Amino acid sequence: MCSSQLFARVFFFFFFFSQLVLCVTEDGWTLGPGLVTHYKQYPPNTSKVYSYFECREKKTDSTKTRKVKYNKTVFYGLQYILQKYLTGKVITPQKIQEAKEVYREHFQDDVFNEKGWNYILEKYNGHLPIEIKAVPEGSVIPRGNVLFTVESTDPECYWLTNWVETILVQIWYPITVATNSREQKKILAKYLMETSGNLEGLEYKLHDFGYRGVSSQETAGIGASAHLVNFKGTDTVAGIGVIKKYYGTKDPVPGFSVPAAEHSTITAWGKDHEKDAFEHIIKQFPSVPVSIVSDSYDIYNACEKIWGEDLRGLIEARSADAPLVVRPDSGNPLDTVLKVLEILGKKFTPQENSKGYKVLPPYIRVIQGDGVDINTLQEIVEGMKEHRWSIENISFGSGGALLQKLTRDLLNCSFKCSYVVTNGLGVNVFKDPVADPNKRSKKGRLSLHRTQSGDFVTLEEGKGDLEEYGQDLLHTVFQNGKIVKMYTFDEVRDNARLKEFEVEELLH
């Protein structure tokens, strides 16, 4: 073997060894979790490995320009992962054989733990001997606290705890979507209260436009369901399927939408017949809200001339339950929204609400669905407030920024080993990198508690076993291949809802 081939093999090994997977799903070995060679690396006579997941708190923040700090996170998505990938008989002889062959070729060596997997197959009928404890789904927990723990339940399978790290850490995505979505809900709640005096319609103020902007069908389902923890408006119907299958709701569906025009349904009529397109579509849906994109050519002319004059009578004949929703889709978001409201306000006389802000007649509203992220959302509602427009007039649609422009680093999601048993002795373990104190991990067995003041605290080194700290908020949800605790989506939503004290804090 030449030196270049050897270098390639060594580089490939060290780059990929911690990412590779074994078959633990019905879909095949490529979808399972795994850290292939670690069973050879733990100290001799190790009999237990215990690890935990948290969204690390940034004690020193290098991103000083970040406007949103995300001090609290919404815990969501573990139940989906457990049901889809880890529950039941996930190990079979066929999968073991396939993984063995693939890893032999991949590593050019026999490093696969065939003996360990056969042990699980024979003793546990392919069920995974691990226990997972977690906070209730939908819980809103300050960063820096433990969210779930994982430990092996069989001394022969100590290595299994961190084998499942890869698939479990993918919970970063639904947590991050749900957290980001909830922070936007807080912004909308604050400005809705300030400009209208109530929170009516809040659950429909941020609509999911992200289906076509995500990386896969599964991403769409997971992300859309995470957004629906906080809101009820979505065009990403894959999320409804995820919720119905893996959580369940008391209602037939957890998310809703309205008929909406798209540029193709406008431009197909030709530039000279934009009015005809508008008129045709609005007549097709007389008794429900209808959203019509109005910027195919000139959004301001559409608002002033077509909506404000040519079709004014049709709009005024609509009800508050079936308004026309004008959708601009280009330009600077704040400038466009303000100008559209100004034009519509001249054509359809607004009223002044109890807070002294202008509200268009109930038969016409606006939705801004272009360039909306948590920062532009803040800018738009602040600009509307400054110009005395109530947030009652508008809703928002968000796509890529809601479901795709997110990474695991946004909330510093981390899975770390904190306790092992070696030679029969329990040892509290941790990492403490000298170059980055933010990455210091927790020690020992962990528990989560509420203090008398209502704050959350994570206790390390098994201190939560002392009765003085009260109930551990981590509950066993998975044990030896079975889910032992389930949450409905209604429970998730209730846990994540905006509390009255939070709204009060936003207003002061």
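Q: How many helices and strands does the protein chain have?
A: The model is a predicted one. Its C-alpha atoms fill a box of roughly 80 × 55 × 45 Å along the principal axes. Within the protein chain, the count is 18 helices and 18 strands.

Q: Among contacts between residues at least 6 apart in sequence, what percentage join residues at least 24 apart?
A: A contact here requires heavy atoms within 4.5 Å. Taking the pairs in the protein chain that are at least 6 apart in sequence, the share that joins residues at least 24 apart is 75%.

Q: What percentage of the residues of the protein chain count as buried?
A: The protein chain exposes about 23,200 Å², and carbon and sulfur atoms supply 50% of that area. A residue counts as buried under 20% relative accessible area. Of the 508 residues, the buried share is 51%.

Q: How far apart do the centres of the positive and negative side chains lie?
A: The protein chain carries 61 positive side chains and 65 negative ones. The centres of these two sets are separated by 2 Å.

Q: Is the aromatic pair of Phe 278 and Trp 307 stacked or edge-to-face?
A: The structure holds 18 aromatic pairs, including this one. The ring centres of Phe 278 and Trp 307 are 4.5 Å apart, with 5° between the planes. Planes under 30 degrees apart meet the criterion, so the label follows from the angle. The pair is stacked.

Q: Why does the pair of Phe 278 and Trp 307 tie together parts that are apart in sequence?
A: Both residues are buried. Phe 278 belongs to helix H11 (residues 274-284) and Trp 307 to helix H12 (residues 299-310), so the pair links parts whose separation in sequence is 29 residues.

Q: Is Gly 308 buried or exposed?
A: Gly 308 has its place in helix H12. Leaving aside neighbours within four places in sequence, Gly 308 is in contact with Ala 302, Cys 303, Lys 347 and Phe 348. Its relative accessible area is 3%, so Gly 308 is buried.

Q: How far apart in space are Gly 308 and Ile 343?
A: In sequence, Gly 308 and Ile 343 are 35 residues apart. From C-alpha to C-alpha, the distance between them is 8.3 Å.

Definitions and conventions. Residues numbered from 1 in each chain as written. Predicted model: local features only at pLDDT ≥ 70, side-chain atom pairs only at ≥ 80, totals over all residues. Heavy atoms only, no water. Helix = DSSP H or I, 4+ residues; strand = E, 2+ residues; numbered from the N terminus. Buried < 20%, exposed > 50% of the residue type's maximum accessible area, 1.4 Å probe, protein only. Areas by Shrake-Rupley, 256 points an atom, 1.4 Å probe, with all protein chains shown as cover. Lys, Arg positive; Asp, Glu negative; His and termini not counted. Charge placed at Lys NZ, Arg CZ, Asp CG, Glu CD. Phe/Tyr/Trp six-rings, centres within 6.5 Å; stacked < 30°, edge-to-face > 60°.
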